[in-house]
Amino acid sequence: MVDRVGPRDLLFLEEESAETPQHNATIEIFDPGEGPDALDHARLVALIRDRIAFVPRYRQRLQAVPGHVAGPVWVDDEKFDLGFHVRRSALPRPGTSAQLLELVSRIVARPLDRTRPLWELYFVEGLEGGRVALLSKTHQALVDGVHTVDLGQLLLDLQPEARELEPDDWAPRRSPNPATLLGAAVRENLTDPGVLLDTVRTGSRAVVRTADQRSERARSFLAAAAGRRPKSRGVINGPLSQQRRVVTVETRLSDYRRIREAHGGTVNDVILATVTGALRAWLMTRSESMGGLRQVRAVVPVSVIDEELEATSLGSQIAAHFVDLPVGEPSPVVRLHQVSYSFQAHKDTGRSVAANRLAGIAGFAPTTFHAIGSRVAAAELRKGYQISVTNVPGPQAPLYAAGARMLASYPVPPLTPGHPLAIGVTSYDGGVYYGITADRDGIPDADILGSCLRDALDELIDLSSATRQRAPRGRRTTKGGAKSGPKS
């Protein structure tokens with residue numbers, strides 16, 4: 001029986017283009033240690049070779065069906081070459097964070113090779129302070145949280161000593177020949193109407209996308225011939241180029257807890273309020289007017305318990321939650337209360353999953369949660385949001401890869417068509433790490449947005465001292481008539 005690509009995964013494959021590569025990425029910073037046991041490229045390859053058996057999809061590639069009468073299938077890569085996927089790179093001196101992010105920006109802009117398993121991992125040496133970085137890049141069709149989790153979830157241990165695992169005796173199965181694939185596809189189309197419907201839908205989407213692309217190119221040509229400038233569709237929405245810019249920001253979890261204790265809500269609320277304040281300040285630095293712009297609609301994937309949604313291996317499902325970020329509100333505390341109020345309705349459903357439960361999942365689950373979150377955001381494109389913000393709580397204890405301690409983890413979320421900005425957030429070991437992905441041409445000032453994140457957090461911290469008066473929350477009314485806010 002063939003392992004056919006599912007409908008949702010097929011959608012990611014069919015809608016991928018040079019402007020919208022469909023992969024998630026993560027930057028992880030490590031202290032490699034010293035001496036013969038220090039983390040280097042060879043030890044990383046050995047670690048992955050030891051763990052990859054737990055994610056069989058990472059050794060499989062796509063194989064098309066003749067005539068495209070059905071979707072492609074997953075087959076074992078008979079020429080699987082781990083060295084091709086685990087690559088070595090180095091920064092020139094002095095090895096600054098800016099140099100690392102420039103390298104990351106160029107790597108994440110390139111689509112993955114469809115003829116091989118859809119992932120890459122870069123071991124980057126030469127960072128300041130003797131540190132090293134791991135940049136992972138995994139296609140959205142590969143990690144669904146159901147059959148496959150992200151490889152990064154399996155590489156980290158709670159202790160410096162690596163776990164002893166059983167030897168991997170994997171041998172690739174022979175790929176089916178074209179005649180076998182064609183016969184299986186015809187039988188499935190005859191016996192399972194869903195397969196035929198998926199094939200028709202996929203072909204229709206491909207035709208529509210090609211027509212849209214040709215129309216867009218024609219409009220651009222006519223505009224250029226007439227001497228007109230391209231029309232922008234908005235500050236945070238617009239066409240994408242083939243280039244990216246990645247910005248990272250490191251903050252401390254204790255600051256968010258301090259703000260939560262002063263004003264209520266949750267750490268997630270404080271993070272979203274910080275993003276709101278940063279977007280407001282960033283928009284005000286641009287030449288475009290803020291007139292009439294009161295809110296920015298964001299899709300924020302959240303963990304829920306809902307049997308009607310697609311099951312995952314992480315103990316919860318991921319659903320889209322839409323939040324109108326109040327960028328037009330000048331008061332940081334009022335912005336926090338408004339964001340918190342938006343999430344209160346979600347909490348009141350009883351489906352929400354506590355952050356400490358997510359943080360306690362085995363391995364480093366944020367990489368998988370970010371991958372699923374980006375899938376959810378992509379599925380909600382027609383809902384008309386302007387930006388996606390994926391926030392995932394991770395373990396608050398250090399983790400190790402082959403004995404090397406991980407110091408930081410920054411998500412690098414993918415961009416979706418018409419959305420030149422996306423933000424991912426991961427909390428880990430006392431830190432809160434932001435990863436901003438921006439279109440290099442559409443948003444050339446993404447670094448200013450990073451600075452605005454720090455400023456927005458500092459503003460909330462300053463308003464959280466014991467001597468400052470708190471703004472009234474104005475939430476729910478109790479039976480006695482008194483108003484109360486959400487529980488922390």
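The model is predicted, so local features need pLDDT of at least 70 and side-chain atom pairs count only at pLDDT 80 or more, while totals for chains, interfaces and linings use all residues. Residues are numbered from 1 along each chain as its sequence is written, and side-chain values use heavy atoms, with hydrogens and water left out.

Arg335 forms a salt bridge with Glu459, at 3.7 Å from N to O. The criterion is a side-chain nitrogen of Lys or Arg within 4 Å of a carboxyl oxygen of Asp or Glu. Arg335 sits in helix H9 (residues 332-348) and Glu459 in helix H12, so the pair ties together parts 124 residues apart in sequence. Helices are DSSP runs of H or I with at least four residues, strands are runs of E with at least two, and both are numbered from the N terminus. Glu459 is partly exposed, at 38%.

The whole structure has 20 salt bridges. Another of them joins Arg440 and Glu102, at 3.0 Å from N to O. Arg440 is in the loop between strand E15 (431-439) and helix H12 (446-462), and Glu102 is in helix H4 (residues 97-108), so this pair ties together parts 338 residues apart in sequence. Arg440 is partly exposed at 22%, and Glu102 is partly exposed at 25%.

In a further pair, Arg173 bridges to Asp76, with the closest N and O atoms 3.2 Å apart.

Last, the helix pair. Helix H7 (residues 253-263) and helix H8 (residues 267-285) pack at about 100°, with axes 9 Å apart. Axes are lines fitted to C-alpha atoms, for helices over the stretch in contact, and angles run from 0 to 180 degrees between N-to-C directions. H7 is therefore roughly perpendicular to H8 (65 to 115 degrees; under 35 is roughly parallel, over 145 roughly antiparallel, the rest oblique).

Notes:
Buried means under 20% relative accessible area, exposed over 50%, partly exposed in between (1.4 Å probe, protein chains only).
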